[in-house]
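Welcome, and thanks for taking a look. Please open the model in your viewer and keep the sequence beside it while you read.

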Amino acid sequence: MGKHFDAWSLLVMAITLILFVAALFTKGFTHDLLLEAGVFLVSVKLILMAYKNSVATATMQQKLDEIHAALQRRERESPK
């Protein structure tokens with residue numbers, strides 16, 4: 001999982017969590033908490049989407065590498 005997140009993504013996650021917890025203690029358990037929770041959930045959703053995109057990209061790259069290797073094998077084996 002760590003290879004899908006760079007240092008900046010981890011930093012953004014940490015800052016988002018810290019700001020949410022700080023807002024929780026600053027605002028208290030009022031109606032403003034719903035706004036803060038909404039902002040936090042949007043941030044989490046963006047992070048999850050980036051992770052899913054990274055995994056999908058790695059899978060696609062692996063499949064493309066397999067196709068490329070198969071084509072190279074086929075070229076070497078075919079008579080010219």
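This is a predicted model: local features need pLDDT of at least 70, side-chain atom pairs count only at pLDDT 80 or more; totals for chains, interfaces and linings use all residues.

**Overall shape**

- If you draw a box along the principal axes, the C-alpha atoms of the protein chain fill roughly 75 × 20 × 15 Å.
- Of the 80 residues in the protein chain, 11% are buried.

**Helix 2**

- Helix 2 covers residues 32-77, which is 46 residues.
- From its first C-alpha to its last, helix 2 reaches 68 Å, close to the 68 Å expected at 1.5 Å a residue.
- Buried positions in helix 2 are L33, S43 and I47.
- These buried residues of helix 2 pack against helix 1, residues 7-27.

**Where the two helices meet**

- The axes of helix 1 and helix 2 come within 10 Å and cross at roughly 170°.
- On the helix 1 side, the contact is made by M13, T16, L17, F20, A23, L24 and K27.
- On the helix 2 side, the partners are D32, L33, E36, A37, F40, S43 and I47.
- Sorted by class, this contact has 9 nonpolar, 2 polar and 3 charged residues.

**A closer look at T16**

- T16 sits in helix 1 and belongs to the set that meets helix 2.
- Is T16 buried or exposed? T16 is buried, because its relative accessible area is 18% and the cut-off for buried is under 20%.
- Leaving aside residues up to four places away in sequence, T16 touches F40 and S43.
- S43 is itself buried in helix 2.

- A37 is in helix 2 and takes part in the contact with helix 1.
- With a relative accessible area of 24%, A37 is partly exposed.
- How far apart are the C-alpha atoms of A37 and I67? They are separated by 45 Å, with the two residues 30 residues apart along the chain.
- S54 also lies in helix 2.
- S54 has a relative accessible area of 22%, so S54 is partly exposed.
- Between the C-alpha atoms of S54 and V44 there are 15 Å, and these residues are 10 residues apart along the chain.

Note on methods: Residues are numbered from 1 along each chain as its sequence is written. Side-chain values use heavy atoms; hydrogens and water are left out. Helices (H or I, at least four residues) and strands (E, at least two) are DSSP runs, numbered from the N terminus. The expected span of a helix is 1.5 Å times one less than its number of residues. Buried means under 20% relative accessible area, exposed over 50%, partly exposed in between (1.4 Å probe, protein chains only). Contact means heavy atoms within 4.5 Å. Axes are lines fitted to C-alpha atoms, for helices over the stretch in contact, and angles run from 0 to 180 degrees between N-to-C directions. Ala, Val, Leu, Ile, Met, Phe, Trp, Tyr, Cys and Pro count as nonpolar, Asp, Glu, Lys and Arg as charged, and the others, Gly among them, as polar.
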